[in-house]
Amino acid sequence: MANPYVVLVRMRMRAQTVYRGSFAVEILASLGATVSGFGELYVIFANVPALGGLDFTAAVLVFAIGHVSFSLADLVVGHLDALPTYLRAGTLDAFLLRPLPVLAQLITADISLRRFGRTVAGTAIAVTALASSDVDWTPAKGALLAVTVCSGAALFAAFFVGAAAVQFWLVEGTEFTASFVYGGNYAAQFPASVFATPVRVLFTFVVPAAFVAYLPVLTLLDLPGGGALGWCSPVAAAAVWIVALLGWRAGLRHYTGAGS
Amino acid sequence: MRLWLTLVGIGFRRWSTYRLAAFAGAFTNSVFGLIRAGVVTATVAVAGGTLGGYDTLAGVTYVWLGQALIGPVYFFAWSELAQRIRSGDVAVDLARPVDPMLAYLAADLGRAAFVFLPRGLPPLAVGALVTGLALPGDPLGYALGVLSVALAVVVSFACRWLVNLTAFWLLDLRGPMTLYLLVTNILCGLAVPVHWFPGWLAAVAAASPFPSMLQTPIDVLMGHAAGWDAVRLLAVQAAWAAALLAAGRVVFGFGTRKLVIQGG
Amino acid sequence: MNIISVSNLRRAFGAKTAVDDLSFDVPPGAAVGYIGANGAGKSTTIKMLTGILKPTSGTALTCGLEPLRQRRQLARRIGVVFGQRSQLWWDLPLRDSFRALGAIHRLGPDAVRARTSELVDRLDLGDFVDTPVRQLSLGQRIRGEVAAALLHGPELLILDEPTIGLDVLSKERLRVFLTEQRAQHGTSLLLATHDMGDVRRLTERILVVDHGRLAFDGTLTELAGQVGAERIVVLDLTEPAPDLVGVPGTRLVGVEAGGLRQRLSFAPGETTVAAILSVVASRAQVHDLTIEEPDIEAVVRRLYAS
């Protein structure tokens, strides 16, 4: 007996490759964000030797890990910002009529394979940065890297879910929530030490971007300020997921209560 | 001339219905501004207090002005013309008594004028509160600055127009548009001031219209380039605007001829 | 246990009340027509019965379950078709929708195959089961939706305006299929429609809803008796004939062109067009005929007038 989610995602992937021509273009296009992000760091470091206490390799590592984490989340749940489209088409009602949780159906309703280019490019950069930095590799460090990327992806995914939940109330709310989702992504790519205190608080406790890449990299490179904090990304991810799921449940209740 | 002004007015009014979206966009700009301000401050600090002619305060002012100008100068995908070409509606534009390119330009200027306040002021306000801004008190500087912004909008429009014209020959606009946005975002000085570019990149940027879209108006507004320097930069902007618009007119001619011959 | 149990059901949208103090029960195996004009509250009721909408007050129980709280459990036991919204996967072939639904309802691959071929055969989907759903005509898509709704063998099938916009042939095919399914599997049926033909062919009991309130609950014959929800057969004769009075079960309601065209009204259940024709044929030669169904708005109006 087939797992319904596997079936749904496989169906979705087949539907995507039907449009093969523009597929290649979109994969290339998705590299744009990687190039511009990396380019930014490159130009900065052409002028100065360190940023926020990190050298070029370390800064690139922060960028790459943040980039890969976000791209993974975008791959799986990036389509959630199209919730208004699903609402308008009555797709949500179709989801309610099926014996599966609505959020799970929404997540498996699409998969943005074309964003995969970003994941590959980011990984390539990360691997290069790791190779050229002097990390004191231990099994623990390896585990840290794996945990970091997974938690980072989970954290960003939670933001996509939370942003989608807002759409139940603010129909044109995509722009507002985008500022948190994409703002969080952008912030995660830089060392949090460059931020002024209020901004640092914002990106540690409200949008825990600092936990995605900066703190783990400090721990990875045995730099001061890291230590146990670098291992806290799963905690941050869990916290955001709790908020996101509560928001989602409230949003769905609002939808079935207020009617369409 | 009156017709032209009417079109600008229509462009202005059309965008007033997107007030909420404009403010939401300003919110995003502010968030990004906070991040960039932090990066710029740290960079300048490591460089010893000044870099490329910017000290810390100038650096953050640069960031906030940049964020404020994103909306008016429009650093996003614009595909209106391409869609009309693909659907054939462009024939309607050709039949009208106004030159299509100038008509769209007028609408774009109207749009820029409208979003200037809701999209431009909030980031500047946030900047003033959080990091401080260093704007000159010289009225001539502001006058030249506004003129420079207007020219920047024209240059941006002309570039977007040219990219859209590829729709006459290519099936999918997304490739050229994405490439255009990528190059623009880097070379116009949005992420990092053009003055900070390493030699080879600075040369590439200088040979392109992109700095005229953002770096120039910021420099003029900040008073970084004053007096005759500012006038020189404005002349460069005007030259690019004229050249790109002319190219746009020519390529548009080629495109419409192809359309008419092939029967759209 | 009733398969549908509605008690003082009420739903308001701000100032507007879409469903007002609705109460009725449907025993298992029944086929009920739920008729009313546009905006009468049919779709709202169905949404509350299926877990899409929360009632403002009152209760609705479907298959003995609370639709909102026990949504997923209920979804396994009912099938729903919305005529104006699709639940199929738009850009993939119909067959893939069946496969997906089979996996969602946790049917084994053999069960899915068997059920799919049965439905394809009975609803005549063979020609287009491998065509992407977005390329199907309305009639084809609706048949696909009905098949999809029945794939998991639900106890109750709810249809919301399934025949709207369908051509006569598609309507007929659908009606025949539904009658068959009920006979074979004992599926209960709730059919919301404003097409009296659907109601006549498929249901034994009618609920008339108007402005959110239940205006009538009974059989079609009773309704016809109460408000004269009669059908009219318009006979075009080859040559003028004397007035066709006294045809059993009919009333002469109109004569035109000096007897060339005559209109006979009759209550459904009292007689059939075939029976009328055989009587008329012995008295005149029929060239052509048309049948006029009672208009639902007229029925409702007359319901209130009576």
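Guide: First, the term. On a 1 Å grid over the protein atoms alone, a cavity is a set of points where a 1.4 Å probe fits but cannot get out. Points are joined across faces, edges and corners, and the volume is the space filled by probe spheres set on them. This is a predicted model, where local features need pLDDT of at least 70 and side-chain atom pairs 80 or more, while totals for chains, interfaces and linings use all residues. Residues are numbered from 1 along each chain, chains are lettered from A, and side-chain values use heavy atoms, without hydrogens or water.

Visitor: How many cavities of 30 Å³ or more does the search find?

Guide: Six, in the whole structure. The largest cavity holds about 170 Å³.

Visitor: What makes a residue part of the lining?

Guide: An atom within 4 Å of a point. For the largest cavity, 13 residues qualify, and C:V80, C:Q87, C:L101, C:A148 and C:A149 are nearest its centre.

Visitor: Which residues line the second largest cavity?

Guide: Among them are A:E40, A:Y186, B:R36 and B:W196. This cavity's volume is about 50 Å³. Its lining has seven nonpolar, no polar and two charged residues.

Definitions and conventions. 1 Å grid on protein atoms, 1.4 Å probe; cavity = no way out; pocket = protein on both sides within 12 Å on 5 of 7 lines; lining within 4 Å. Nonpolar A, V, L, I, M, F, W, Y, C, P; charged D, E, K, R; others polar.
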